[in-house]
Protein chains: 2
Amino acid sequence: MAREKKVETVAAPATTPAARSGRRATSYDVARIAGVSQSMVSRCFAPGGSIAPAKRDHILKIASELGYRPNALAQGLISGRTNMVAVLISSLTNRYYPEVLDELSRRLTERDIRVLLFSLNAESEVDAVLDQVWRHSVDGVISAARLSDGQIRLFDEHHVPLVLYNRTARAASAASVCCDSTTGERDLVERLLNAGHRRFAIIAGPDDSYVGEERRVAALARLAEAGIDDVPVVRGDFSYDSGRAGMHDLARKTGRIPDALICVSDQMAIGAMDAARIDLGIAIPKDLSIVGFDGSGPAGWASYALTSIRQPVRRMTEAAVAMLMERIEDGTTPAERRLFAGELLGGGSARIGS
Amino acid sequence: MAREKKVETVAAPATTPAARSGRRATSYDVARIAGVSQSMVSRCFAPGGSIAPAKRDHILKIASELGYRPNALAQGLISGRTNMVAVLISSLTNRYYPEVLDELSRRLTERDIRVLLFSLNAESEVDAVLDQVWRHSVDGVISAARLSDGQIRLFDEHHVPLVLYNRTARAASAASVCCDSTTGERDLVERLLNAGHRRFAIIAGPDDSYVGEERRVAALARLAEAGIDDVPVVRGDFSYDSGRAGMHDLARKTGRIPDALICVSDQMAIGAMDAARIDLGIAIPKDLSIVGFDGSGPAGWASYALTSIRQPVRRMTEAAVAMLMERIEDGTTPAERRLFAGELLGGGSARIGS
């Protein structure tokens with residue numbers, strides 16, 4: 001009880017704007033008006049606090065009249081939990097795949113956990129953000145932004161549970177949830193091969209992108225197995241514009257149009273489709289098959305009807321949240337990688353076997 | 001100083017997972033090893049705390065070795081500020097306009113403020129979310145999600161500054177930042193009229209959408225001024241699918257195709273374009289002009305090249321954050337509405353004068 005007493009003093013100091021324009025009711029106000037001690041008010045709001053039912057009802061009634069609400073900050077200090085989880089996302093992930101953030105935040109909210117959002121615009125911001133993460137005493141972190149092995153190890157040092165979303169740690173061990181890019185990309189290539197395509201090209205992602213590289217490598221490996229080694233590769237940044245520029249680059253550099261173009265993201269595939277059809281007058285899929293990866297909303301729009309692999313975002317975000325909860329409950333839970341199969345989106349942008 | 005002493009006891013109780021797997025260093029650990037009092041450690045980390053430079057360096061060195069970081073929760077209790085701002089967004093806003101969240105979060109982060117994200121999926125979730133907002137003692141709230149006048153008044157009662165994004169309160173007074181939908185929509189209609197269009201139709205938003213209704217009303221008013229009153233209106237939910245369905249509805253219900261279709265969002269305009277061109281074989285803009293509103297990413301994709309009004313998202317989010325900061329600094333700052341002009345995106349989906 002002594003501990004609760006200490007941290008319940010949360011009224012703003014008299015010099016803050018809140019005090020100037022009035023202030024929130026504190027547990028002391030409730031205690032005074034209810035005619036009980038402040039520690040009894042604390043007990044009334046503490047999970048599992050022992051108090052007589054009649055007393056509790058009386059205190060809750062007064063608290064409600066005064067608009068008193070137990071302060072979550074103070075409660076965090078008592079329980080050792082803040083019920084806050086940080087979500088690290090890169091602005092590109094969100095701009096081109098906002099479902100991920102929506103689903104993560106919905107699932108955390110369902111568990112009465114609040115989401116502290118860190119939207120990273122550059123690699124160089126990660127250290128400053130991690131510093132904030134440690135200071136804000138979050139219960140755990142889900143990261144869809146890139147972290148170095150060294151940065152991942154800091155989570156262990158700070159005893160902050162971490163789950164990686166669509167990326168894994170190379171050296172450091174960490175829990176992660178991924179879509180199985182390798183199997184999905186191999187499946188797409190195999191279908192393109194079966195339909196008779198032989199001249200391939202790839203629009204890959206940045207070389208520091210985990211999923212982008214996994215998809216590029218998987219496609220090249222499956223093509224090599226089929227004896228196809230001369231595959232031009234250009235790189236984009238997952239954006240529409242970079243896909244459109246990539247298509248122009250390929251046409252210019254190779255001097256000929258491939259018969260199958262593998263793009264490691266839908267957004268780049270859509271940009272490449274527009275470059276091919278509108279800028280270069282190439283018929284899709286008659287003269288060029290284009291495949292993407294992700295299954296995000298615009299892939300299904302009638303103007304594109306992209307052949308792609310859909311990531312099971314609901315199941316993946318559900319798994320990420322469940323894995324994080326396990327690790328918050330028990331900090332000794334060992335690292336685990338959960339790999340979810342993608343689903344083929346037939347679409348109409350590629351000639352593939354049914 | 002007495003106050004700081006009280007709240008610095010933030011080590012997790014011995015029964016939590018953090019304690020089982022090790023625990024973070026506290027100010028007491030730093031004090032013991034540095035051979036100083038705990039209150040001196042507190043002073044060392046408190047903004048403006050008075051302490052001799054040599055002493056400070058010594059304490060900072062020990063703190064760094066132990067990995068001690070002052071706990072932001074405890075600091076929030078001291079300063080009366082949490083440096084957290086809640087952002088309320090509806091999942092649709094984010095899914096179809098993720099730039100807004102990215103920009104808001106980037107601008108808040110620049111000010112060393114963390115974003116507590118509340119992604120609402122249904123109107124009915126607002127009360128529960130507001131309850132969380134009060135409990136988490138955020139410094140302020142930016143809401144791009146719909147709040148009732150009653151809900152807006154709760155912010156005053158709880159002394160929590162609020163800025164509305166792209167919506168305003170009807171009765172209650174609140175600070176807000178909006179794109180000037182009325183002027184933008186009237187401009188589009190005027191250009192369509194000047195280019196000779198006479199048979200109009202509208203795909204509007206849900207009737208409880210503030211911006212959707214403002215745009216619908218503005219378009220109808222400008223058309224009425226031109227003597228055009230027989231304007232069929234169907235409603236969508238701002239999604240691609242609802243725009244596509246809306247175009248089919250209009251064709252079926254009216255038995256004839258308008259020569260100009262006004263959609264109150266880009267996403268619906270894109271759905272309507274696909275329905276018109278791909279499903280109904282209508283040439284755009286030759287036989288049908290379609291205009292949208294927002295200027296979101298896909299409006300610029302070559303397959304659509306939508307004629308639209310671009311919201312100045314950067315300036316709007318910048319203004320929203322600045323207005324919130326003013327109100328956090330001074331709770332008595334009066335309500336203000338800032339209205340930003342949109343910018344015409346010429347595009348190619350409508351025959352309009354240059």
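Is A:Asn166 buried or exposed, and how many C-beta neighbours does A:Asn166 have inside 10 Å?

Tutor: A:Asn166 counts as buried, because A:Asn166 has 22 C-beta neighbours inside 10 Å. By the rule used here, a residue is buried if 20 or more other C-beta atoms lie within 10 Å of its own, exposed if 12 or fewer, and partly exposed in between, with C-beta atoms placed from the backbone.

Two remarks on the source come before the rest. This is a predicted model, in which local features need pLDDT of at least 70 and side-chain atom pairs count only at pLDDT 80 or more, while totals for chains, interfaces and linings use all residues. Residues are numbered from 1 along each chain as its sequence is written, and chains are lettered from A and ligands numbered from 1 in the order in which they are written.

A:Asn166 is located in the loop that lies between strand 4 (162–165) and strand 5 (175–179) of chain A. Helices (H or I, at least four residues) and strands (E, at least two) are DSSP runs, numbered from the N terminus. With neighbours within four places in sequence left aside, the contacts of A:Asn166 are A:Ala144, A:Cys178, A:Cys179 and A:Val211. Two residues are in contact if their C-beta atoms, placed from the backbone, lie within 7 Å. A:Asp330 stands 164 residues from A:Asn166 along the chain, and 23 Å separates their C-alpha atoms.

Chain A has 354 residues, of which 49% count as buried, and contains 15 helices and 12 strands. Of the contacts in chain A between residues at least 6 apart in sequence, 70% join residues at least 24 apart.

Chain A is also divided into domain 1 (2–78), domain 2 (84–179 + 313–343) and domain 3 (181–311); such bounds come from an automatic or database domain assignment. The C-alpha centres of domain 2 and domain 3 of chain A are 28 Å apart. To their contact, domain 2 of chain A gives 13 residues and domain 3 of chain A gives 13 residues. On the side of domain 2 of chain A that touches domain 3 of chain A, the elements giving two or more residues are helix 7 (91–96) and helix 15 (313–329) of chain A. The residues of that side of domain 2 of chain A comprise 7 nonpolar, 3 polar and 3 charged. Here Ala, Val, Leu, Ile, Met, Phe, Trp, Tyr, Cys and Pro count as nonpolar, Asp, Glu, Lys and Arg as charged, and the others, Gly among them, as polar.
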